[in-house]
Amino acid sequence: MRLHLALLLSLSVSSLAGIASAADDGIAPLEKPTTQVFNNKRDFNQEQVVYKNKFWRCSRYRSDGSCVSVEEVPEDEVTLFDESKKASKTSKRGNYKIENPDDTPCACVFNNKRMWNPEKIIWNDQYWRCVHYRDDGTCSGVEVIPPKELELMKQAEEAKKAKELASQDKPIPAVFHKKNRMWTPEKVRFKEKEWQCASYSDDGLCLAVEEVVEQPDPLEFGGVTFAGLDRLYSCEAFGDKQLRNKLTLAEFNRFLALAKERKMWNDTDIKAIQTGEILVGMSSCGAVSLMGYAKNGGGYINDEGEQEGWAEYEYRSAMIMVDYHNHIITNFQVLGEMQ
């Protein structure tokens with residue numbers, strides 16, 4: 001009676017195991033591990049397991065972490081070793097041995113679908129990489145990078161950095177940082193030139209760099225330093241054509257640049273002064289610099305609150321009539337030759 005009951009219980013357990021396995025995998029029981037072995041929501045979930053001298057893994061997980069089906073791991077993707085025996089195994093991808101699988105980093109570190117995925121990581125004083133990536137970007141297992149291959153990788157990285165450095169024509173802004181540093185340089189030397197930060201953000205990051213250009217001492221004319229003049233006086237100073245004609249071409253070009261920087265002249269003013277021609281679009285300051293002081297003039301404020309004006313200049317033995325709108329020449333005409 002006892003023997004008969006034991007046989008019945010044994011048959012019942014085998015039938016239930018077969019039904020569960022068949023429901024999960026659609027194959028006869030015991031041919032491969034049950035899907036219940038895997039669950040990626042558990043605190044510990046094995047990427048691979050050994051069953052009947054073969055390596056197995058979950059081929060697809062449900063959203064609740066349970067495994068839908070299992071598959072055999074291809075030989076070149078095997079990364080797990082029989083922990084029950086603590087056996088070591090030599091990888092076909094490198095001559096190394098893993099004595100204790102617990103010393104390996106988690107494969108979850110790697111994912112080639114993420115915005116940033118490391119090529120290699122350091123774990124227990126060794127460099128590791130992903131052996132194989134699944135279609136969803138996750139890593140199926142890791143391995144130690146063989147020393148010879150690691151040396152080649154380092155040489156390739158150094159060559160890449162050297163190539164990038166050679167292609168740069170200026171240092172990167174990260175060289176400069178005003179905050180969270182004990183010291184930041186005011187200038188750095190890069191490719192035989194000196195560079196400085198052109199502008200900083202509110203948190204102290206350098207936004208752009210510029211070459212350091214030694215500025216010449218401010219030129220003087222008529223006993224007056226040009227850089228110290230206010231806007232109106234600068235226009236009057238250049239109204240003295242005899243004084244302006246004493247400047248060399250290089251000095252005059254420097255004055256043009258300074259005047260434009262200080263918004264005394266616009267581009268049309270500079271073109272007119274360089275060519276000696278009166279141009280529509282010149283400012284009143286440019287007109288004084290080109291033709292000298294006005295002989296006569298007047299103006300008023302129109303209904304829109306804008307300034308309208310006119311002026312007469314003597315230029316190249318002719319009387320020139322100029323119309324202004326908000327201090328910009330809108331029209332000019334030659335009234336006649338001076339006697």
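**Group meeting: a helix pair and some hairpins**

Hi everyone, let's start with two helices: the axes of H6 (residues 267–275) and H7 (residues 284–291) come within 9 Å and cross at roughly 10 degrees. Axes here are lines fitted to C-alpha atoms, for helices over the stretch in contact, and angles run from 0 to 180 degrees between N-to-C directions. That makes H6 roughly parallel to H7; angles under 35 degrees count as roughly parallel, over 145 as roughly antiparallel, 65 to 115 as roughly perpendicular and the rest as oblique. Helices (H or I, at least four residues) and strands (E, at least two) are DSSP runs, numbered from the N terminus.

A quick word on the model. It is predicted, so local features need pLDDT of at least 70 and side-chain atom pairs count only at pLDDT 80 or more, while totals for chains, interfaces and linings use all residues. Residues are numbered from 1 along each chain as its sequence is written, and side-chain values use heavy atoms, with hydrogens and water left out.

Which residues of H6 meet H7? Asp269, Ala272 and Ile273 do, facing Gly286, Ser289 and Leu290 in H7, where contact means heavy atoms within 4.5 Å. The residues of this contact divide into three nonpolar, two polar and one charged (Ala, Val, Leu, Ile, Met, Phe, Trp, Tyr, Cys and Pro count as nonpolar, Asp, Glu, Lys and Arg as charged, and the others, Gly among them, as polar).

Staying with H6, Asp269, Ile270, Ala272 and Ile273 are buried. Seen down the axis of H6, these buried residues fall within an arc of 165 degrees, so they line one face of the helix; the arc is that of the directions from the helix axis to the C-beta atoms. On the other side, Asp267, Lys271 and Gln274 are exposed. Buried means under 20% relative accessible area, exposed over 50%, partly exposed in between (1.4 Å probe, protein chains only).

Now the strands. E1 (residues 49–51) joins E2 (residues 54–61) through three bridges, running antiparallel; two strands pair if DSSP finds at least two bridges between them. Val49 stands opposite Trp56 in E2. The E1 and E2 hairpin has two residues between its strands, and Lys52 in the turn has a positive phi of about 55 degrees.

E2 also pairs with E3 (residues 67–72), antiparallel over five bridges, with Arg57 opposite Glu71 in E3. Five residues lie between E2 and E3 in that hairpin, where Gly65 in the turn has a positive phi of about 100 degrees.
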